[in-house]
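Please open the structure in your viewer and keep the selection tool at hand.

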Amino acid sequence: MIPPSMEFYNITYLEHFFGPDPEEWLSSVRHMKNTAIGNNTHKSNLMNVGVVPRLLHFMIDDTSNIELLVECAVVLGSIAKGTVDNIHGLVENGCLSVLLKGLEHPNLKYVEACLRCLRTVFISPAAPVELIYQDPSLVPRLIDLLPRSSCTQECVTNILAHCCKTEEQQVVLCSNGAIGALASLLCSNIYRVQLPTLKCFVQLCYKNDQVANAVATACYCGEYLSSLIVKLLARDKPAEMQIAAAQCLTYLCRAGAIDTKAPIIVLKTIPTLVRMCKKDRQITERVKGAETLAYLTEVDLELQQTASITDHAIKTIAEYFKYPPAEDGGLKEKSRQFEELSTLELRQAAFRAFASLGANDEEIRKKVIETENLMDHIVSGLSHPKVQLAALRCMHSLSRSVQQLRTTFQDHSVWKPLMQILNSAPDDVLTVASATLCNLLLEFSPSKELSLQPIIEMGALYILVGLTKKDNPALRLNGIWALMNMAFQAEQKIKSQILSALSTDQLFRLLADPDVNVLMKTLGLLRNLLSNKPHIDHIMTIHGNQVMPAAILILEGDHPVEVKEQTLCILANVADGDIAKDFIMGNEDVLKKLMSYMLHADVRLQIAAVFCISNLLWNEDDGALERQVKLREMGVQKLLQGLISSSNTTLFDKVKTALQQFT
């Protein structure tokens, strides 16, 4: 049955197309091609009446002449240029296997027609990219087609650029000679060949050190590919070309294939990216410019400093928050939707750029925070799914500043939307949100108890404790880290609330965590809890019988020096208590371990052990004489006298102080 929407057209050709007469097939397919051009509705209708299986039948029929084969492939390509549903339909009908088989045909015109259709399919988001890699002979076949014509070059480079998304795919392309085969095309004088070739290199180098180094060391006509790519940054090149070249150089740099101090990065790539962020550029250019700049500078302080002073970069990116311009009441719905999407994309890019630029330098953070209404934009962004993660990363970066924590962050109560996110968010968002909360809790205000109480009342403690029970080690780390910061110089009430929420069972489970970072922060929490004499005595009175065995277990275990040093510092805090001292003095096993660590090969452990002994000996504390007698009898004084000749000034000072306590 012919759909009503097709009745306007002359449908006689369809009757011939589905008919038995071979003489009519070619003309009917040509008619079909002509009527489908530029008409998406007609293309969809052709799908609905079942022309695709018939076209594919002609293409696999050995008796079909070459003209029919070419026209069938052209019609499939035309249908593919319709809607995404058309792409799905073509894939479901087995179109791709027939087209890929067509690449083996000796007739170049037919091969080109198949490639054009394949290109249209594979540049679509609906493309089954993995199909390219299922047959090991297919990638070599595509690469072998590159020299055949400018059409094959254009199509193959587009296909490869869109089908290179994973590390495994990068390696497959590289091992099949893609770098050498594509190198010459970087110098092509045909833009529609040169650009997708450059984009192939962009995809090949992304987060792949091995492939990036292969690209950086490859040459064409005696010139390194990186030098050829730099030429494509020239201002007379189209903006899309400049951005792609900057992306490629960025990925090479991040992979370590180009030094971060290289002039092509500092003097070429960064200025190009900042230029792409300017107000007069297209939205897509501004977005890509800022996001690529963010990735380039993300982990390198010198690049952050260079970028921040390049052509007013911070002020330029701050302009992103002023889009769209003044509201135009006459905008059509479609234009309004475009503006809303563009606003979100620009803000996301700006948040990412500011997060990277301000990651390590206080002066840069100060300049970023001076952006008009930035904190309002961040808080607003936290409630929008599309920009939430980028806004969080920006907040996390800025929260590394103690000065901003005490001023700007306090003024905007940023912890409120943060707590809402922590209640329900996917792991990637949760990781950044919890890391940000870690920073907020470190230096919240001079009156810590008053400022922490609202956060605790919103359920922060139980959220953080929940994080410590997650399978994801990054979340466990952030959860215990935040609790550690919360306990830092906190009042007894808050410490008791932390212990109550965490429970001693969970605390000691974390002391056995396989992730050394989690273990270190758990020890840090315990050390912060066991500070201030009254607090130490209170906590040890309740939990001392659990704390001591845990400490012994760590000191006896196979742990890094940093872990054992932190454990010895905890014992030093215990030794500073009035009542808590007895937990060490009454345990000869612990005392002997302290003595053994006084003679350890690592001076850090010696210092920590001596500091603990010094606290036990402190002659101003009650019961000091009895403790001194016992420790002298155990040989501690002689050990200290043997260490007085240490060349390490810190250890010498600690030993001297300890010896002075003996009366």
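**First stop: a kinked helix**

Select H18 and look at Thr269, where a kink of about 30 degrees lies shortly before the proline Pro271; the bend at a residue is the angle between axes fitted to the seven residues ending there and the seven starting there. This is a predicted model, in which local features need pLDDT of at least 70 and side-chain atom pairs count only at pLDDT 80 or more, while totals for chains, interfaces and linings use all residues. Residues are numbered from 1 along each chain as its sequence is written, and side-chain values use heavy atoms, with hydrogens and water left out.

Helices are DSSP runs of H or I with at least four residues, numbered from the N terminus. Next, colour the buried residues of H18, among them Ile265, Thr269, Ile270 and Leu273; buried means under 20% relative accessible area with a 1.4 Å probe, protein chains only. Then display helix H17 (239-254) and helix H19 (283-297), which are included in what covers these buried residues; contact means heavy atoms within 4.5 Å.

**Second stop: Thr522**

Move to helix H35 (residues 516-529) and select Thr522. Is Thr522 buried or exposed? Thr522 counts as buried because its relative accessibility is 0%. Leaving aside neighbours within four places in sequence, show its contacts: Ile480, Leu507, Leu510 and Leu511.

Finally, select Met59. Leaving aside its neighbours within four places in sequence, Met59 is in contact with residues including Leu69, Cys72, Tyr110 and Cys114.

Notes. Helices (H or I, at least four residues) and strands (E, at least two) are DSSP runs, numbered from the N terminus. Buried means under 20% relative accessible area, exposed over 50%, partly exposed in between (1.4 Å probe, protein chains only).
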